[in-house]
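Reader: I've just opened this one and could use a guide. Pick a residue and start talking.

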Amino acid sequence: MTDGVDRILAQWEVARPDLDCRPMGIFGRLRRAGRLFSPAMEQVFERFGLSAVEFDILATLRRSREPLTPTQLYQTLMLSSGAMSTRIDQLVKRGLLQRQASDEDRRSNRVVLTKEGRHLIDDALAGHVENLHQMASVLDSEEQEQLARLLRKLLIDAEK
């Protein structure tokens, strides 16, 4: 079996046989996988009235053990502070988040899930995880673990 990346690699083998293009197979497939799987994930988020970024904000707060500042959120999610403030404002207006004044600094606040926000993210998360299982089902458990280990190794090096 071959995929589109195999065809590209074969073309490079003919066009530039002097280059070892095997890493293109890894990173080309990562890019294609992201493009192919993102719409399927976004479709699940949309079922719950969320964008991918809103899902990430709610999920980050859900897995955190304490309220987070907007700064902690935007650093975790790699958004600009302005974009994070806008998203938080929208989620507060929808009743999914609540701002709490900081005890240490009156100019600062922390963000927490409301009861409604917690219920929504729990439901959306269940749908998301089910979707991920479905997308990964072409791989058996051992293959999924192997792929996760290899990607972890790449990311650990890249995040140094």
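**Salt bridges, packing and surface**

Author: Arg-62 counts as partly exposed, at 27% relative accessibility. By that scale, buried is under 20% relative accessible area, exposed is over 50%, and partly exposed is in between, using a 1.4 Å probe and protein chains only. Keep in mind that this is a predicted model, where local features need pLDDT of at least 70 and side-chain atom pairs need 80 or more, while totals for chains, interfaces and linings use all residues. Residues are numbered from 1 along each chain as its sequence is written, and side-chain values use heavy atoms, without hydrogens or water.

Reader: OK. Which residue forms a salt bridge with Arg-62?

Author: Asp-122 does, with the closest N and O atoms 2.7 Å apart. A salt bridge here is a side-chain nitrogen of Lys or Arg within 4 Å of a carboxyl oxygen of Asp or Glu. This one links distant parts of the chain: Asp-122 sits in helix H6 and Arg-62 in helix H3, 60 residues apart. Helices are DSSP runs of H or I with at least four residues, strands are runs of E with at least two, and both are numbered from the N terminus. Asp-122 is partly exposed, at 29% relative accessibility.

Reader: How many salt bridges turn up in a search of the whole structure?

Author: Eight. One of them joins the side chains of Asp-89 and Arg-99, at 2.3 Å from N to O. Asp-89 is in helix H5 (residues 81–93) and Arg-99 in strand S1 (residues 97–101), so that bridge ties together parts 10 residues apart in sequence. Asp-89 counts as partly exposed because its relative accessibility is 35%, and Arg-99 gets that label at 33%.

Reader: Let's zoom out. How many helices and strands does the protein have?

Author: Seven helices and two strands. Going from the N terminus, the order is α-α-α-α-α-β-β-α-α.

Reader: What about the radius of gyration?

Author: It's 20 Å, whereas a compact globule of 160 residues would have one near 15 Å. That's taken over C-alpha atoms, and the globule rule is 2.2 Å times the number of residues to the power 0.38. The C-alpha trace spans about 65 × 30 × 25 Å along its principal axes. Buried residues make up 24% of the 160.

Reader: Take me to a buried spot, then. Why does His-128 count as buried?

Author: Because its relative accessibility is 11%. His-128 is in helix H6 (residues 115–136). Leaving aside neighbours within four places in sequence, His-128 is in contact (heavy atoms within 4.5 Å) with Met-41, Val-44, Phe-45 and Phe-55.

Reader: Two Phe in there. How many aromatic pairs does the whole structure have?

Author: A search finds one. It's Phe-45 with Phe-55, stacked at 4.3 Å centre to centre with 20° between the planes. The pair links distant parts of the chain, with Phe-45 in helix H2 (residues 22–47) and Phe-55 in helix H3 (residues 52–63), 10 residues apart. Both are buried. For the cut-offs, rings of Phe, Tyr and Trp (its six-membered ring) pair if their centres lie within 6.5 Å, and planes under 30 degrees apart are stacked, over 60 edge-to-face, the rest tilted.

Reader: Now the outside. Which residues form the nonpolar patch on the surface?

Author: Ile-26, Phe-27, Leu-30 and Leu-154, with about 330 Å² of accessible area together. Patch residues have over 30% relative accessible area and no salt bridge; nonpolar side chains (Val, Leu, Ile, Met, Phe, Trp, Tyr) are joined within 5 Å, like charges within 9 Å. Areas come from the Shrake-Rupley method with a 1.4 Å probe, and for residues only the protein chains shown count as cover. H2 gives the largest share of the patch, three residues.

Reader: How exposed are Phe-27 and Leu-30?

Author: Phe-27 is partly exposed, with a relative accessible area of 45%, and Leu-30 is partly exposed at 37%.
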